[in-house]
2 protein chains.
Amino acid sequence: MDSKKRYAEYVDYLQKIADTRYAAAVLQWDQETYMPEKGAAARARQVATLTEISHEMFTRPSFRNLLQDLLAAGDLTGDQQKNVALSWYDFAQQEKLPGHFVRELSEAVSASFQSWVTAKKENKFSLFEKDLDKLLQLKKREAEFLGYQGHPYNALLNQYERGCTVQLLDKVFAQLQQPLKNLLAKIAAAPAPKDDFLRRFYQKDKQWSFGMDLMKQMGFDFSAGRQDIAEHPFTTNFSSRDVRLTTRIDEHDFANMTWSCIHECGHGLYEQGLPDEAYGLPLGEYTSLSIHESQSRLWENNVGRSMDCWIYFYPLLQAQFPEALSDISREDFYKGINRVEPSLIRTEADELTYHFHVQIRYELEKRLLEGTLSVKEIPDYWNSQYKSLLGVTVPDDRRGCLQDVHWSHGSFGYFPTYSLGSFYAAQFFSAAQKNIPNLAVLIRKGDYLPLLGWLRTNIHRFGRSFTSEELCRQVCGEGLDISHFISYAETKYQNIYAF
Amino acid sequence: MDSKKRYAEYVDYLQKIADTRYAAAVLQWDQETYMPEKGAAARARQVATLTEISHEMFTRPSFRNLLQDLLAAGDLTGDQQKNVALSWYDFAQQEKLPGHFVRELSEAVSASFQSWVTAKKENKFSLFEKDLDKLLQLKKREAEFLGYQGHPYNALLNQYERGCTVQLLDKVFAQLQQPLKNLLAKIAAAPAPKDDFLRRFYQKDKQWSFGMDLMKQMGFDFSAGRQDIAEHPFTTNFSSRDVRLTTRIDEHDFANMTWSCIHECGHGLYEQGLPDEAYGLPLGEYTSLSIHESQSRLWENNVGRSMDCWIYFYPLLQAQFPEALSDISREDFYKGINRVEPSLIRTEADELTYHFHVQIRYELEKRLLEGTLSVKEIPDYWNSQYKSLLGVTVPDDRRGCLQDVHWSHGSFGYFPTYSLGSFYAAQFFSAAQKNIPNLAVLIRKGDYLPLLGWLRTNIHRFGRSFTSEELCRQVCGEGLDISHFISYAETKYQNIYAF
């Protein structure tokens, strides 16, 4: 076998699969940004066809043979071996799921997405219950097909975060629980900073241009990406040279646009930093969902909600919106944007209580998978947990267990990556502070290039070379350690709430 | 054989091919409207992969079997038979071209597009000559593969306009020649109307909204389409429920945006009028390029450059741009927008001299195909023809034979459909005038729904049911007859130039 030639075949084939995947992503981006409403029906089938084509290409027996030839080849470079091994892993995961099961799952997802939409609109969990239960049974079967050690939930967690287990997450959330509760108690006892100025009038076009300025300053390359308006902000990409951010603007909610902009830009900077020469290959892809999220959270919270950041930006912001902010000092602005308050909706939560939202979902999914909680019992479980962990009363299912789309997509095991992302973010940021001694000074000057350069060198360029844990060890000299997040939170909020 | 089941298979398969074609169209639309510049390299390969996939699907032997089964089936409906017959025609045309030839042609197109870009930039035909010659030789071979009766150019003409021949076009252009020359001579002898007011300042946003108002009035459904900015205006669609128009705006050239808007909207109205239930099937596709162009030209010229149209719109326009138009009467505006003047660039030509631009290209391509003109001789031939037919001196290749992209794409035989479109437009419009007795009055009131309804009923809904000629016979009771165009032109310009 000519392994050089076979490897070239592999690259060519995988890049063609990537072409069809990215094409589907372009269609989805257009759907969320510019597509006229009557285009929806044809668009749905176009995306489905592209997805079917890329799936069919990826699971072809000839591709299996190609991968096995390359696994047996003795003369591949280290990077080539990594690509092949990762593709083989992906292929083997896919292969575990029989075709008829994939179809059944995909049909169940379509049905349950529809009934979730209706149930949320009608504010009635019972309308979602039957389809969700069917989906859950399928996810249990999926776990069996995929195989796992220990808890069946591990099989699903592993789909979003390779190597992630109930054992790991139980430990992480247990470590978080008490310190976070203590911190929240102290915060609750202290006087809350005012944040009503964030809901004054902020003109749309001026918000847009302030957001664009933020992103330019952060180093987003607008010749390799762009930003548009979408109802639910997201980031997507069609290569590392074409990264699409979206945002939304509410003229009476300045925070909404600003931190969503910074968050999505963090995702976008990561995508722009992935190695372009590995287009379509595993080494050109992001490490994991938690590492992706660590990049958005680092920029959103560790940078974007810091005083250092606003030492530079606040005078500019005040000049843009004098009517809204001339009577608000920089100190009060900083406190206001960091106000902590237990609430109902995960996506609107502050950076502390956020993790209880995730933890509740994690515990709930774990119980569903092991069978100690039934789908019927979800609303009661949900509401009681929100009461006990967050101290809030859930008034209805719409603002309770129906708020997120994930389950209706069949995504069980996804939520924990959001919290892991914040924990990695805090850990990476403290490593960056060590490695760039004058980082605070640079940020106060609005100079983000050294931080971006550090992220590029230490995280972005590796693509899927490492798992999250391996990457963390390499960057920080230790595995995931949430004490970085805890001490970041304690120091910051002690200062803000003066306890 | 269960022909019902086989027909359902056929529909499903053809619609999946359509999905991939339309997906490629979305990617190309994005490329011309929103894509950041560095996205170009990945985008090119993504479009190429989708094109390859849809071509591969269309030429599969199993599809051949499916079509042959259906051709032999005795119990299909009339429409089903038409779809199958048209698909078989398309398949048979494709099948005539060997795979290695298709690849060779596609590589030659890539190379010659690049060298055309360079040659135009450097203003040197010689830089394009070699690649163009190679392409020409391939097009000659293509004609042999496809087969033809009479002239080899017929094989290529037939690709863009089924049934179109040298014999037909020779006759059409011969009929046009003398009346058009006479008309142009009279025009040249009369005093030219002023049109310098069209190059006054017209603010961008106001132009945009005026263009949007025009299209709404024409009946374009913005819930099934949209307009965006592109450097070279075009129309594309991803179903008849998602039609994308583009325009460009020059603040010192009001005519550019306006008639390009109306022209593209004419294309768009046609696409929105195609039967949506035939998505992906021949009966859901446009009749031919000339019929497509007839729709854009009818709106652009027969409607959009008529006095009736501006009786309604001119007061609105004047109110929008008082600085530019308050001293211009409706009469002078009408004359100015219809000023006739031989010029160098086809896309900027008036509606009369336009056809000499097309005729020159037609004669040139015909000679290239029959071998009586060599590629090397193109510039001299071009320049001498522009001198003799249009009376203009071509100063350089950039504004001469290098101006259009078509040849570098391998499109030989395309240009004549532009003229045919205008001739069909005049003929259809005179049929509409007969069928809607108060049409002029309606247009003067800005009421376009009756005209649009007439086009929908008589032209749009038939898709590819008929050839251009059959459709024309059905709508007008006679085949293509350019006397409609000639008498339209004579009446109109006699009035404007008062001879």
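Okay, a definition to begin with: I call two residues in contact if their C-beta atoms, placed from the backbone, lie within 7 Å. Helices (H or I, at least four residues) and strands (E, at least two) are DSSP runs, numbered from the N terminus.

Now, this is a predicted model, so to say: local features need pLDDT of at least 70, side-chain atom pairs count only at pLDDT 80 or more, and totals for chains, interfaces and linings use all residues. Residues are numbered from 1 along each chain as its sequence is written, with chains lettered from A and ligands numbered from 1 in the order in which they are written.

Let's look at chain B. There's an open sheet of three strands there, order 1-3-2, with mixed pairing; pairing takes at least two DSSP bridges between two strands. Strand 1 (225-229) and strand 2 (235-239) are the edges, each pairing on one side only. From one strand to the next, the twist averages 20°. Strand 1 runs parallel to strand 3 (residues 242-247), joined by five bridges, and D228(B) has T246(B) in strand 3 as its bridge partner.

Across strands 1, 2 and 3 of chain B lies helix 10 (residues 254-273), at about 170° to strand 3. Axes here are lines fitted to C-alpha atoms, for helices over the stretch in contact, and angles run from 0 to 180 degrees between N-to-C directions.

On to the interface: 30 residues of chain A are in contact with 31 of chain B. Which element gives the largest share of chain A's side? That's helix 1 of chain A, with eight residues.
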